[in-house]
Amino acid sequence: MADAPAATPAEPQYVDPDVSRRKFDREIADYRALERDYQQRGWFLVEANYPTVVVLLAAPHVSPSPVVTGVLFDYTNYDAQPPSVRLVNPFTREPYQANQLPTTLNRGIPHSMPGAPDGMQMLVQQPLMQWYAPTDIPFLCLAGVREYHNHPGHSGDSWELHRPTGAGALVRLLEVIHTYGVAPLAGWKVNFNPQVMFGWTEPPT
Amino acid sequence: MADKIILVVVVNGAPTVVEANLNAPLRSIIGKALEQTSNTGQPEENWELRDGAGQILDLSVKIGSFGFPADTRLFLNLKAGVGG
């Protein structure tokens with residue numbers, strides 16, 4: 001199979017490659033040490049060649065179990081930079097456009113309702129995947145992700161604030177994507193679209 | 001030692017061994033696990049603890065109530081936080 005496409009436009013490696021590679025190798029070693037646990041949750045690491053990691057996320061709690069999405073990580077310059085994270089087609093490994101996403105990683109944010117009795121809240125859905133146009137490659141709007149910290153709207157939330165907490169760790173990012181993109185899957189939904197139209201006899205001769 | 005248990009807490013993917021008191025609430029292991037893995041940048045409430053099946057665990061419940069076998073692996077990860 002061809003190498004995975006770059007998660008974002010290629011970025012030059014300016015950190016000592018040995019340092020980034022050692023940190024990358026530690027991420028992979030930690031993952032491999034508990035790989036069986038992760039497989040039971042539906043996570044399958046299918047490629048780990050510095051700086052790229054590809055993990056497929058399946059939904060074992062749904063029958064038959066689908067592969068919900070692929071996730072492409074790019075750990076170039078880690079951890080001076082956070083990893084790039086893209087949801088990708090698990091077969092072609094091409095990043096999904098916004099209008100192709102199998103999941104937008106919706107989370108429920110409690111909001112107070114004006115005029116409602118104390119304590120009454122409604123859940124507003126907020127997608128963690130963000131984009132502007134339907135054909136954009138969406139980004140994961142999450143601290144610890146390169147695209148989030150490179151976004152001008154997040155200049156006040158620097159990577160340096162999150163770097164010591166392991167926010168860019170492979171398992172942590174997979175946990176978030178699993179929590180909002182895979183775990184909420186309840187099953188298969190089938191839509192039928194009946195159409196009503198005239199039924200004709202054979203045409204008269 | 002009867003009221004103690006050894007748990008493996010996997011912090012953002014990195015395992016660390018924590019000795020826990022069965023009579024203490026589950027949240028008591030979080031500080032130790034974070035300290036042992038040098039994860040000191042975020043307060044404890046910004047982390048969530050799950051079992052091997054991915055279920056979020058109630059941190060206020062006594063550790064003994066879960067019936068964990070020794071060396072049970074629990075997974076501690078940073079919450080998503082509020083994006084925007």
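A:Glu175 is buried, with a relative accessible area of 2%, where buried denotes under 20% relative accessible area, exposed over 50% and partly exposed in between (1.4 Å probe, protein chains only). The model is a predicted one, in which local features need pLDDT of at least 70 and side-chain atom pairs count only at pLDDT 80 or more, while totals for chains, interfaces and linings use all residues; side-chain values use heavy atoms, with hydrogens and water left out. Residues are numbered from 1 along each chain as its sequence is written, and chains are lettered from A and ligands numbered from 1 in the order in which they are written.

The side chain of A:Glu175 meets that of B:Arg50 in a salt bridge (3.3 Å, N to O), a term that requires a side-chain nitrogen of Lys or Arg within 4 Å of a carboxyl oxygen of Asp or Glu. Because A:Glu175 lies in helix α4 of chain A and B:Arg50 in strand β3 of chain B, the pair joins two chains. Helices (H or I, at least four residues) and strands (E, at least two) are DSSP runs, numbered from the N terminus. B:Arg50 is buried as well, with a relative accessible area of 5%. B:Arg50 also forms a salt bridge with B:Glu48, with 3.0 Å between the closest N and O atoms, and both of these residues are buried.

These residues lead to the interface as a whole. In it, 22 residues of chain A are in contact (heavy atoms within 4.5 Å) with 24 residues of chain B. The two chains bury about 1,900 Å² between them, 51% of it on carbon and sulfur atoms; buried area is the accessible area (1.4 Å probe) that two parts lose on being put together, summed over both. A:Leu34, A:Thr165 and A:Arg172 supply 27% of the area that chain A buries against chain B, more than any other three residues.

Two salt bridges are counted between chain A and chain B. One joins the side chains of B:Arg73 and A:Asp37 (2.8 Å, N to O). On the side of chain A that touches chain B, the elements giving two or more residues are α2 (35-40) and α4 (170-181) of chain A. The largest share of that side, six residues, comes from α4(A).

Within chain B, helix α1 (residues 28-36) has as its buried residues B:Ile29, B:Ile30, B:Ala33 and B:Leu34. They lie on the same side of α1(B) because they cover an arc of only 130° around the axis, the arc being that of the directions from the helix axis to the C-beta atoms. An α-helix has 3.6 residues a turn, so residues three or four places apart point the same way. The cover over the buried residues of α1(B) includes β1 (4-11), β2 (14-21), β3 (47-50) and β4 (72-78) of chain B.

Over all chains, a search of the whole structure finds 12 salt bridges. The side chains of A:Glu35 and A:Arg32 meet in a salt bridge (2.7 Å, N to O). A:Glu35 is buried, with a relative accessible area of 16%, whereas A:Arg32 is partly exposed, with a relative accessible area of 38%. A network of salt bridges links A:Lys23, A:Asp79, A:Glu160 and A:Arg163.
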